[in-house]
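Let's take a walk through a protein chain together. Have a look at the sequence and the 3D picture, then read on for a guided tour.

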Amino acid sequence: MSYAARDPRRRGWWSYMKWCIRKYDSVIPAVAKTELERKELEAVRSAVEKTSVMSSGQERIALVQMVFWTRSHNVPGAAMALHVSERTALRWHSDFIKLVAAEFFGADLLKEVSEEEKRENKKFR
């Protein structure tokens, strides 16, 4: 069972952001029919740009491409292909989804969610 399925705070936006990321590669930005679709595509495009300038940006983009766009690998398989640990790949995967959400919803919303996650994680340790 995925973490998103276990955590009720992620149930809505986490899956929605993953769907937006998957859709990004198959939709031409000029074809965005609605304002919402344009906002989704812009959030993913901005996250891709910000990720690509990070120190491990090219590897992170390669992971996103393998997992979301070509769907040739799952996260552990992409980790093996990129020669990084599975934990690192999971963190990059999560960071990218959160970055898209920050671009889409605004950073303030995710800051609140992040603080709640920290409090919840302390309960489980």
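## The overall fold

Let's begin with the big picture: the chain has seven helices and zero strands. Read from the N terminus, the order of elements is simply α-α-α-α-α-α-α. Keep in mind that this is a predicted model.

How many of the residues are tucked away? Of the 125 residues in the chain, 40% count as buried. The chain exposes about 7800 Å², and carbon and sulfur atoms supply 54% of that area. As for how the chain meets itself, take the contacts between residues at least 6 apart in sequence: 55% of them join residues at least 24 apart.

The average pLDDT over the chain is 81, and 71% of the residues score at least 70. Which helix has the lowest mean pLDDT, and which the highest? Helix H1 (residues 3-6) has the lowest at 50, while H5 has the highest at 96. Where pLDDT is low, the predicted coordinates should not be read in detail.

## The nonpolar core

Now for the inside. The largest nonpolar core holds 30 residues, and the ones that touch the most other members are Met-17, Ile-21, Val-44, Trp-69 and Val-100. Two or more core residues come from each of helix H2 (13-24), helix H3 (35-52), helix H4 (57-69), helix H5 (75-82) and H6. The largest share, eight residues, is from H6.

Let's zoom in on one of those core residues. Which residues does Val-100 contact, leaving aside neighbours within four places in sequence? The list is Met-17, Ile-21, Ala-43, Val-44 and Ala-47. Three of the names there, Met-17, Ile-21 and Val-44, also belong to the group that touches the most other core members.

Is His-93 buried or exposed? With a relative accessibility of 11%, His-93 counts as buried, because the cut-off for that is under 20%. Not counting residues up to four places away in sequence, His-93 touches Leu-63, Val-67, Phe-68 and Val-75.

Next, look for Thr-51 in helix H3. Apart from neighbours within four places in sequence, Thr-51 is in contact with Gly-57, Arg-60, Ile-61, Phe-96 and Leu-99. Here's a pair to click on: Thr-51 and Asp-95 are 44 residues apart in sequence, yet their C-alpha atoms are 9.4 Å apart in space.

## A closer look at H5

Which residues of H5 are buried? They are Val-75, Gly-77, Ala-78, Ala-79 and Leu-82. The cover over these buried residues includes H4 and H6. One of them, Val-75, is also a residue that His-93 touches.

At the start of H5, a side-chain oxygen of Asn-74 comes to within 2.8 Å of the backbone nitrogen of Gly-77. Just after H5, His-83 has a positive phi of about 60 degrees.

## Salt bridges

Side chains of opposite charge can pair when their charged atoms come close. How many salt bridges does the structure hold? The structure holds six. One of them joins the side chains of Lys-23 and Glu-37, at 3.7 Å from N to O. That pair links distant parts of the chain, with Lys-23 in helix H2 and Glu-37 in helix H3, 14 residues apart. Lys-23 also forms a salt bridge with Glu-40, where the closest N and O atoms are 2.5 Å apart. Since Lys-23 lies in helix H2 and Glu-40 in helix H3, this pair ties together parts that are 17 residues apart in sequence. Together, Lys-23, Glu-37 and Glu-40 are linked in a network of salt bridges. Lys-23 and Glu-37 are both buried, and Glu-40 is buried as well.

Arg-38 pairs with Glu-35, and their closest N and O atoms are 2.4 Å apart. Both lie in helix H3, three residues apart, or about one turn of the helix. An α-helix has 3.6 residues a turn, so residues three or four places apart point the same way. What about exposure? Arg-38 is partly exposed, with a relative accessible area of 40%, and Glu-35 is exposed at 54%.

Technical notes:
Residues numbered from 1 in each chain as written. Predicted model: local features only at pLDDT ≥ 70, side-chain atom pairs only at ≥ 80, totals over all residues. Heavy atoms only, no water. Buried < 20%, exposed > 50% of the residue type's maximum accessible area, 1.4 Å probe, protein only. Contact = heavy atoms within 4.5 Å. Helix = DSSP H or I, 4+ residues; strand = E, 2+ residues; numbered from the N terminus. Areas by Shrake-Rupley, 256 points an atom, 1.4 Å probe, with all protein chains shown as cover. Core = buried A, V, L, I, M, F, W, Y, C linked by side-chain atoms within 4.5 Å. Polar contact = N/O pair within 3.5 Å; in protein donor to acceptor, adjacent residues only side chain to side chain. Salt bridge = Lys/Arg side-chain N within 4 Å of Asp/Glu carboxyl O. pLDDT = per-residue confidence, 0-100.
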